[in-house]
Amino acid sequence: MQNSKVEICGVDTSKLTVLKEKEKIELLKAMHNGDKTARDKLINGNLRLVLSVIQRFTNRGENLDDLFQVGCIGLIKAIDNFEISLNLRFSTYAVPMIIGEVRRYLRDNNSVRVSRSMRDTAYHAMQVKERLQNELNREPTVEEIAKELDVKTSQVVIALESIVDPVSLFEPVYNDGGDTIYVMDQVSSFDTDSDWLDEIVIKETIKDLSEREKRILTLRFMQGKTQMEVSKEIGISQAQVSRLEKNVINRIKGK
């Protein structure tokens with residue numbers, strides 16, 4: 001028989017134990033009551049969870065040992081900050097913490113640097129754009145800006161995009177006084193780590209939801225529909241979809 005032993009950071013992954021949810025809660029209670037060994041048992045009993053999470057990032061050329069160590073930091077943070085009173089599965093809380101730690105590590109170690117010449121082109125393009133807008137009384141085209149700068153249109157596009165700050169998916173785009181609609185509500189879902197995380201959380205909590213709530217979450221996160229598309233399919237307003245979705249997500253987070 002082929003030996004399936006795989007070592008990460010000196011840990012034999014084939015021998016990793018998996019705690020049941022009841023065991024995790026008992027250990028968390030013991031830890032809160034001062035049992036110093038309970039924390040170590042929780043860490044060791046959830047290393048397989050860390051392993052399953054970091055496998056989503058192994059195709060990025062990062063060292064597996066480094067990712068595992070970073071994932072363990074996220075696990076420890078989850079253990080130290082988990083509130084038993086939330087009535088939430090520990091893995092539902094821990095997975096986002098582990099993913100967040102790994103993403104932070106990847107972001108800090110793989111920052112994209114914009115060259116000085118590209119920044120200069122971008123700033124000159126912005127100055128020309130502002131001047132042409134005043135002269136033409138309309139938004140100038142990229143071609144017009146490129147002509148003024150005597151550069152290729154593609155150079156202007158790349159330069160301007162290089163200095164644009166990323167837009168948060170939680171940036172509000174509409175508020176009617178009660179229900180806020182965010183950028184993420186206007187964008188269809190696509191295959192990212194966030195989708196994978198959403199699916200994990202949904203599968204663990206969907207059984208406790210009403211039929212309409214289940215339908216909304218299934219359409220939004222499993223089928224990738226926007227809130228507007230969901231509202232048309234279910235027959236309620238987008239604001240109502242937003243409110244119901246927000247309430248469910250808050251319940252999932254334990255708020």
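Predicted model: local features only at pLDDT ≥ 70, side-chain atom pairs only at ≥ 80, totals over all residues.

Visitor: Which residues are buried in helix α12?
Guide: Helices are DSSP runs of H or I with at least four residues, strands are E runs of at least two, and both are numbered from the N terminus. Buried means under 20% relative accessible area, exposed over 50%, partly exposed in between, with a 1.4 Å probe and protein chains only. In α12, residues 227-234, the buried ones are Gln227, Val230 and Ser231.

Visitor: How many helices and strands does the protein chain have?
Guide: The chain has 255 residues, and 35% of them are buried. Its secondary structure counts 13 helices and four strands.

Visitor: At what angle do the axes of α2 and α4 cross?
Guide: Axes are lines fitted to C-alpha atoms, for helices over the stretch in contact, and angles run from 0 to 180 degrees between N-to-C directions. Under 35 degrees counts as roughly parallel, over 145 as roughly antiparallel, 65 to 115 as roughly perpendicular and the rest as oblique. α2 and α4 are therefore oblique. Helix α2 (36-44) and helix α4 (64-81) have axes that come within 10 Å and cross at roughly 135°.

Visitor: Which residues of α4 does α2 meet?
Guide: Contact means heavy atoms within 4.5 Å. From α2, the partners are Arg39, Leu42 and Ile43; from α4, they are Leu75, Ile76, Ile79 and Asp80.

Visitor: How do the residues of that contact divide by type?
Guide: Ala, Val, Leu, Ile, Met, Phe, Trp, Tyr, Cys and Pro count as nonpolar, Asp, Glu, Lys and Arg as charged, and the others, Gly among them, as polar. The contact of α2 with α4 has five nonpolar, no polar and two charged.

Visitor: Which helices do the buried residues of α2 pack against?
Guide: The buried residues of α2 are Ala38, Leu42 and Ile43. They lie on the same side of α2, because they cover an arc of only 135° around the axis. They pack against α1 (21-32), α3 (47-54) and α4.

Visitor: How far apart in space are Ile79 and Leu42?
Guide: Ile79 is part of α4. Its relative accessibility is 1%, so Ile79 counts as buried. Beyond neighbours within four places in sequence, its contacts include Leu28, Met31 and Phe90. Ile79 and Leu42 are 37 residues apart in sequence, yet their C-alpha to C-alpha distance is 7.5 Å.

Visitor: Is Asn137 buried or exposed?
Guide: Asn137 lies in the loop between α6 (116-136) and α7 (142-149). Its phi is positive, near 60°, and it is a residue other than glycine. At 71% relative accessibility, Asn137 is exposed.

Visitor: What is the relative accessible area of Asp150?
Guide: Asp150 is in the loop between α7 and α8 (153-162). Phi is positive here too, about 60°, although Asp150 is not a glycine. Asp150 is exposed, with a relative accessible area of 69%.

Key. Residues numbered from 1 in each chain as written. Heavy atoms only, no water. Arc of directions from axis to C-beta.
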